[in-house]
Amino acid sequence: MAAPGENLKINGDRLWDSLMEMAKIGPGVAGGNNRQTLTDEDAEGRALYKSWCDAAGLTTGVDSMGNMFARREGTDPDALPVYVGSHLDTQPTGGKYDGVLGVLGGLEIIRTLNDLGIKTKHPIVVTNWTNEEGTRYAPAMLASGVFAGKHTEEWAKDRLDADGKRFGDELKRIGWEGDEPVGDRKMHAFFELHIEQGPILEAEEKDIGVVTHGQGLRWIECTITGKDSHTGSTPMHMRKNAGRGLALITELVHEIAMKNQPNAVGAIGHIEVYPNSRNVIPGKVVFTVDMRTHLLDKLNAMVAKFDERAPKLCEEVGVEFSSEIVGQFDPPAFDEGCVKAVRDAAERLGYSHMDIVSGAGHDACWINDVAPTAMVMCPCVDGLSHNEAEEISKEWATAGTDVLMHAVVETAGIVE
């Protein structure tokens, strides 16, 4: 396919205005957004997005998981579409750009092509995936996971939120359950633009992250069992302190991650201490280890080292250790051809760029299993995300969308 010329660029002011307009729906308490999936605010955001798609001459389809697909026709009726998009749902204390930039950036591509009268051989479809965040209904990337065959639709629709409300019921309630079968659509390629959600691009003063891999993860739920007893009257040498085992394993997780640099991370997040009293030595601690890296062999080796050393550390201090994997996701390697399209676009447009590994999960990680896929990232201030203070600049948003457009249009094929 012929590459688009370097003078093909989006309207950055229009994109920014759309981002700010969407941010008015489901405002947070501190300048961000609370537009959780399948809420009234989600429904309102979807309606605004569809109205913009209608105005751009797109035909919008909705599948039975609520995924939205806004299509611009190509000149070849038999050519598979190039898909582009992300998600409109947010965290309870989310920012204005996480996910939304990828959806509205996709829409801005269409608006720009319309303005310039540019036709493509392949159709282009702008997508809003349902429940990427997973904050109201676990797991994250739920609807794209059903699309890619990772979950059954029945299982997904039976997920419950904290109030016991069922996903399928709430999807119907807000009026966004479509009749299109999930996963029936075939894709020529898929591209997703996203803020980095990390500090690397800003620190390296790069405009664009060319995402080559996503991180795989293992969530390991661990239980350390000792003996709860009085902190004042139990001699030090007679204690079976589960908290001490937790401290040793906290350092072990950090050590394993540091020895597997670069692009490996590990930490203990969720912790429950029993009986959780200030004058009782903990008799049991339950916690979850989160390990991530972008290479499967490295990830498996990290987990194996943890499994080998954690029980021994606990045994040395007189407590028992057990664990099980409660969550896992193998690292995706994005399509080399699509990644090259992103890299070439950044080069052509003169934007500084670097290869990067996504530290978070995205819908693209699932779609990568069913279609050639790549991601574009732009910086965000201090790497802050999943926070109402999340911030990017208009220039970063514009550069990311310019690169996205070039990669999408080159893949879709300009018709001269």
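**Labels and their grounds**

Modeller: Start with Arg 71 and Glu 73, whose side chains meet in a salt bridge, N to O at 2.9 Å. Keep in mind that the model is predicted.

Biologist: What makes the contact of Arg 71 and Glu 73 a salt bridge?

Modeller: The cut-off is a side-chain nitrogen of Lys or Arg within 4 Å of a carboxyl oxygen of Asp or Glu. The N to O value for Arg 71 and Glu 73 is 2.9 Å, so the pair qualifies.

Biologist: Is Arg 71 called buried, partly exposed or exposed, and why?

Modeller: Arg 71 has 23% relative accessibility. Buried means under 20% and exposed means over 50%, so Arg 71 counts as partly exposed.

Biologist: And Arg 292, is that residue buried or exposed?

Modeller: Arg 292 has a relative accessible area of 18%. The limit for buried is under 20%, so Arg 292 is buried. Arg 292 also forms a salt bridge with Asp 290, with the closest N and O atoms 2.9 Å apart.

Biologist: Which parts of the chain does the salt bridge of Asp 369 and Lys 150 tie together?

Modeller: The N to O value of that salt bridge is 2.4 Å. Asp 369 is in the loop between helix 11 (363–367) and strand 15, and Lys 150 is in the loop between helix 4 (142–147) and helix 5 (153–157), so the pair ties together parts that are 219 residues apart in sequence. Asp 369 is partly exposed at 47% relative accessibility, and Lys 150 is partly exposed at 39%.

Biologist: How many salt bridges does the structure hold?

Modeller: The structure holds 25. A network of salt bridges links Asp 40, Arg 136, Asp 161, Glu 170 and Arg 173.

Biologist: How do you know that strand 7 pairs with strand 14 and with strand 15?

Modeller: Pairing requires at least two bridges. Strand 7 has 6 bridges to strand 14 (residues 353–358) and 3 to strand 15 (residues 373–378), so both count as pairs. Strands 7 and 14 run parallel, whereas strands 7 and 15 run antiparallel. Gly 214 stands opposite Ser 358 in strand 14, and Gly 209 opposite Met 377 in strand 15.

Biologist: What makes strand 10 and strand 13 edge strands?

Modeller: The open sheet has 4 strands in the order 10-12-8-13, with antiparallel pairing. Strand 10 (264–274) and strand 13 (320–329) each pair on one side only. Strand 10 and strand 12 (residues 284–293) are joined by 9 bridges, and Gly 266 stands opposite Met 291 in strand 12. Helix 8 (residues 242–258) lies across strands 8, 10, 12 and 13, at about 170° to strand 10.

Biologist: Which residues touch the most other members of the largest nonpolar core?

Modeller: That core has 95 residues, and those touching the most other members include Met 22, Phe 191 and Ile 392. Helix 12 (residues 394–412) gives the most to this core, with 10 residues. Another core, of 25 residues, lies apart from it, and Leu 246 and Phe 287 are among its members.

Terms used
Residues are numbered from 1 along each chain as its sequence is written. This is a predicted model: local features need pLDDT of at least 70, side-chain atom pairs count only at pLDDT 80 or more; totals for chains, interfaces and linings use all residues. Side-chain values use heavy atoms; hydrogens and water are left out. Helices (H or I, at least four residues) and strands (E, at least two) are DSSP runs, numbered from the N terminus. Buried means under 20% relative accessible area, exposed over 50%, partly exposed in between (1.4 Å probe, protein chains only). Contact means heavy atoms within 4.5 Å. Axes are lines fitted to C-alpha atoms, for helices over the stretch in contact, and angles run from 0 to 180 degrees between N-to-C directions. A nonpolar core is a set of buried Ala, Val, Leu, Ile, Met, Phe, Trp, Tyr and Cys residues joined through side-chain atoms within 4.5 Å.
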